[in-house]
Amino acid sequence: MSERKRNIALLGSTGSIGRSTIEVIEASGGRLQVFALSAHQRLNELCEQARKLRPRFVVATDETLARGFDWTGLPSGTELLVGPAAVARLVQRDEVDVVVAAMMGSAGLAGTWAAVEAGKTVALANKETLVMAGSQVMRLAAERGARILPVDSEHSAVFQLLECSRQHPHPSPLPEGEGVGANVKRIVLTASGGPFRTWTKERMEQATVSDALSHPTWQMGQKITIDSATMMNKALEIIEARWLFGLSIEQIDVVVHPQSIVHSLVEFVDGSVVAQLSPPDMRLPIQYALTWPEREPSPAKRLDLTQSMRLDFEPPDEDRFPALKLGREVAAAGGTAGAVLNAANEAAVASFLAGKLPFGKIVPACREVLEHHSFVANPTLAELHELDAWARQEIERWILV
């Protein structure tokens, strides 16, 4: 890596990805440094991070919470900014080298968009950005010379494999089916299967919040853990992969791999299949995005090949996990479909966590809302935001019926 330090703007510093990013930065020997941190609600933790890392800026995006919070604990030299508009201004500053987009859900789109507009390198952990506005974001990246590097373990694995094959020098928006190079037949995203991999459909329909949050291999936030239980996370990853790598739907497959050691595979036209393996540890894909195109020693766990292990693969059961079919349909449709699915799912998961919606109704509710929205093939950002709000309201209405 270059001798010059890379300044990191970390959006969503108090979430699981944000905390892992900080561990990567702290282990970098000073080659990576925090320029700015942002958080929405966990302001005490944000202050603790600021005291430890002494960034130039911290941003509290919830203006109401920020006004009532005691900021006297911020270190000298750290400037407080408030509100979501501050994030957009911050990521465009000349001092920022890499923006880590780890804000949860659709709220992360604005900051990512601003970073791409400024031509920044974006380490993208917020899959909802490309689910909602993949075509628009990738087109903007091409126009502004921005670089989008995946942080999701599955997409990072695909990116690393394509880098090794020299088929894809860097992520860029290319015509559908051409983004991975002519020698690539398909990519295969792996899925752990979540906590309900062996449950019957009838048992799953009665699953409790506690059941759904008991993920067998990954430690994640509540929303993404529920998405893993429904396999909606994989549906969203199918959509993300379409835009990130310029793929056709026929070039994206999913396989269940409960050990979460193989993070994705790439099959070439000659039949050779190449995989990326590592223990389930988000610090590895985070660091690769922060140090690309070089590799550095990492704090991530290492794969111990001296120990016996097994690697199992099985096709997903789309009868028990209908989100996968829904994801492929939305990826094929493009337009406003992704924004509606994402918003409906966020609202449905929140309702499940609040005890208002049974687990088995999360995906059917999303399909119902999706099928009743007014589809637009080439929406503006304003239209996407309007449909985002509409889909959330429709979920609430669906629950009350």
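Contact means heavy atoms within 4.5 Å. The model is predicted: local features need pLDDT of at least 70, side-chain atom pairs count only at pLDDT 80 or more, and totals for chains, interfaces and linings use all residues. Residues are numbered from 1 along each chain as its sequence is written, and side-chain values use heavy atoms, with hydrogens and water left out.

Q: What makes Phe69 and Trp71 an aromatic pair, and of which kind?
A: Rings of Phe, Tyr and Trp (its six-membered ring) pair if their centres lie within 6.5 Å; planes under 30 degrees apart are stacked, over 60 edge-to-face, the rest tilted. Here the centres are 4.7 Å apart and the planes are at 65°, which makes the pair edge-to-face.

Q: Why is helix α10 described as largely enclosed?
A: Helices (H or I, at least four residues) and strands (E, at least two) are DSSP runs, numbered from the N terminus. Helix α10 covers residues 222–230, and seven of its nine residues are buried, so the rest of the structure largely encloses it. Among the buried ones are Lys223 and Asp227.

Q: What covers the buried residues of α10?
A: The cover includes α6 (128–144), α9 (209–212), α11 (232–245), α13 (323–333), α14 and α15 (362–371).

Note on methods
Buried means under 20% relative accessible area, exposed over 50%, partly exposed in between (1.4 Å probe, protein chains only).
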